[in-house]
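Work through the exercises below with the sequence and the model at hand. Each task is followed by a solution in steps.

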Amino acid sequence: MTGWRSARVILIWVAIALAIGVPVALAATSEQLAWRGPVYILAGFAGIVALGLVLVQPLLIGGYLPPLSAYRGRRAHHWIGGALVLAVVIHVAGLWITSPPDMIDALTYASPTPFSPFGVTAMWAIFIVALLASLRRRLELRPRTWRFIHMPLAIVIVVGSVVHCLLIEGTMETMSKVALCVLVLAATAKVMIDLQVWRKRRTLRGESGARQ
């Protein structure tokens, strides 16, 4: 049993590494990189890494990444959130340096490109979550209130990021990009369903205990 558990842990982490690493590796072989400057390339890969971190976040909060305990998973979720903010900042800053007019259009929702508004919306949602998380104790947000705020914003982040990625015809290879996006959606849907079921069971147990 111990051997099977160890193998399962290894398989899970290998799968995560492949889900994120393969799109990055294939993007690194793109012919489009030959016409891109180093700052633009850095910005592009920061965006790919950010999408990979969006995949890891629900897996951490759902407790699907053994051998991390629930407490360590939540702490890792917090730190990965910080890394996600940094990746987004690098992504946006790099694109701003290479083309300020395009970024102004994107940030003001005036860009003609269909992928821009989804990415910008996801970016603002990420920043709002990060800001609220840093001020959570000072604002004295209760767990239920925090979930009420965080869950809709998480959905905006996931959907916005996935649509943004899928609409871009850039350095990412199509099949690996689609696979990563599907995994992000699947992981987010699973953790939201599982957490909702867990809360309902806990509520029913509390009601049953109160009746007794």
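**Overall layout**

The protein chain has eight helices and zero strands, where helices (H or I, at least four residues) and strands (E, at least two) are DSSP runs numbered from the N terminus. This is a predicted model, in which local features need pLDDT of at least 70, side-chain atom pairs count only at pLDDT 80 or more, and totals for chains, interfaces and linings use all residues. Residues are numbered from 1 along each chain as its sequence is written, and side-chain values use heavy atoms, with hydrogens and water left out. Along the principal axes, the C-alpha atoms of the protein chain fill a box of roughly 70 × 45 × 25 Å.

**Exercise 1. Compare the span of helix H2 with its expected span.**

Step 1. Helix H2 covers residues 38-61, which is 24 residues.
Step 2. Just after H2, Gly63 takes a positive phi of about 75°.

**Exercise 2. Describe how H2 and H3 are placed relative to each other.**

Step 1. The axes of H2 and H3 come within 8 Å and cross at roughly 160°. Axes are lines fitted to C-alpha atoms, for helices over the stretch in contact, and angles run from 0 to 180 degrees between N-to-C directions.
Step 2. H2 and H3 are therefore roughly antiparallel (under 35 degrees counts as roughly parallel, over 145 as roughly antiparallel, 65 to 115 as roughly perpendicular, the rest as oblique).
Step 3. The crossing of H2 and H3 is left-handed, meaning that the near helix is turned anticlockwise from the far one by less than a right angle; clockwise would be right-handed.
Step 4. The contact of H2 with H3 has 19 nonpolar, nine polar and one charged residues (Ala, Val, Leu, Ile, Met, Phe, Trp, Tyr, Cys and Pro count as nonpolar, Asp, Glu, Lys and Arg as charged, the others, Gly among them, as polar).
Step 5. In the loop between H2 and H3 lies Pro67, and the peptide bond from Pro66 to Pro67 is cis, with omega near 5°.

**Exercise 3. Which residues of H3 meet which residues of H5?**

Step 1. Helix H3 (residues 70-98) and helix H5 (residues 116-134) have axes that come within 10 Å and cross at roughly 140°.
Step 2. H3 and H5 are therefore oblique to each other.
Step 3. In H3, Leu84, Val85, Val88, Val89 and Val92 meet Met123, Ile126, Phe127 and Ala130 of H5; contact means heavy atoms within 4.5 Å.
Step 4. By class, this contact of H3 with H5 has nine nonpolar, no polar and no charged residues.

Methods: The expected span of a helix is 1.5 Å times one less than its number of residues.
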